Amino acid sequence: MNAHLVSKLAGMAAAIGILASAPGAGAQSAVGSQDTLNLPTELTMLTNPDPNVRRATAVVNGHVITGTDLDHRVALLVDANQSEISPEEMQRVRAQVLRNLIDETLQIQAAEAEEIAIDPAEVNQTYARLAAQSNRRLEEMDAYLISIGSSPVSLKRQIQGELAWQRLLRRKVSMFVNVSAEEVNELMERLNASKGTDEYWVWEIFLSSTPQNAAAVEANAQKIVEQLRQGGSFIAYARQFSEASTAAVGGDLGWIHLPQLKDPQLETVVGQMQPGQLVGPIAISGGYWIVFLREKRQVLTADPRDATLSLKQIQVTFDPAADATVNQAKLDTFIAGVQNMRGCGSADEIAATLDANVVTNDQINARALPEQLQNMVLNMQVGEVTPPFGSVQEGVRVLMLCGRDDPQVESGPNFDELMAEIEDERVNKAAQRYLRDLRNDAYIEYN
């Protein structure tokens, strides 16, 4: 938890302590203040405020979005952020999250108008999956959300909104989107022609704009990029801000081939990126695009780093308090012993004579190894070992290659997959227009 959240929770705890304190000098001081203000003993209230009613931030077609709703949703983003959010940036974030809550409300209302109801059991199932992905039990997930200033109700409301919008689009938009076989075949030809070139694992954030608000949207997109460069969570920002269909999965566009972008400008931008690079905002048709390149590999060719390896790790530990010459002698004996091993069949037996530990992993992906070891291990033959690495403090180890299953050559997306991708793109554009219409027809009051 970052310092911002720690101080926030500490402030909450302090406030609770004050409210829970017994009456004493403080209470007498309050009475004195009342005398100074010359307030009447009995008051005649002109209105009757209900302490259980929270003040609205916005009312969308009669649905109240409270300040608490906004606080809980902002807390999700703050918790995912790895850097401190300045007060100025927080104001912008709160304004954007409020816009998202308004859109979410419009989407749920539009679905309800079409008699599309989301079963609470389905929402709970999705919530449970999110908990499992974060390695938490349900009760732990509930407690965690509360601890960061959010709530299970807030996250479940977001899940409901995403599910309702997806169902509504399938009924109102998807059935009217048509993709011809000629379009798909043309794209398949372009993909086959690009065999041997790179393909890209892309994450995206899309913010729609009109000529009237383009400058404001671009400035907002630039602020998001600045936060991401400072360590903000791409997944969190995509879920809260992106208007692309990938928002529900944190902006993950998956592995794509440049022709699938269907935009020469974007093909050039992504084609020049390196893994781990963030670019944007880029002005495109209908708005601004922020892109993060997670990884790249060869199109329709097997990547050696996808090989599944069987490895033995042979490690010897040292006594830091022992004499340096003693530890050096132990290290020399270990190195000599490893060199005398004859394949994986002898590893355990010889390791026992060296007072070394052996750990076997026969299902490790080459990508999971530190980058420095990847090429080294992939260039080894079965039974060979890496040079020793480590130190007296952390132990010295070698890796022995005991087996290797090379990846199958990727066949690339088939006809149906490409057709689905083109349909998704067109549905996404239609969805943006649909949401704009909902906004234009909505009655929204702000407080």
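1. In this predicted model, a disulfide joins C344 to C402, with an S to S distance of 1.9 Å. A search of the whole structure finds one disulfide, so this pair meets the cut-off of sulfur atoms within 2.5 Å.

2. What is the handedness of the disulfide between C344 and C402? The torsion about the S-S bond is about -105 degrees, so the disulfide is left-handed.

3. C344 has a relative accessible area of 18%, so C344 is buried. C402 has 21% relative accessibility, so C402 counts as partly exposed.

4. T386 sits in the loop between helix 14 (371-378) and strand 9 (389-391). Is T386 buried or exposed? Its relative accessible area is 3%, so T386 is buried. Leaving aside neighbours within four places in sequence, T386 is in contact with M376, V377, M380, V398 and L399.

5. Helix 3 (residues 67-80) has 14 residues, and at 1.5 Å a residue these should span 20 Å. The C-alpha atoms at its ends are 20 Å apart, which agrees.

6. Which residues of helix 3 are buried? They are L70, R73, V74, A75, L76, L77 and V78.

Definitions and conventions
Residues numbered from 1 in each chain as written. Predicted model: local features only at pLDDT ≥ 70, side-chain atom pairs only at ≥ 80, totals over all residues. Heavy atoms only, no water. Helix = DSSP H or I, 4+ residues; strand = E, 2+ residues; numbered from the N terminus. Buried < 20%, exposed > 50% of the residue type's maximum accessible area, 1.4 Å probe, protein only. Contact = heavy atoms within 4.5 Å. Expected span 1.5 Å × (residues − 1).
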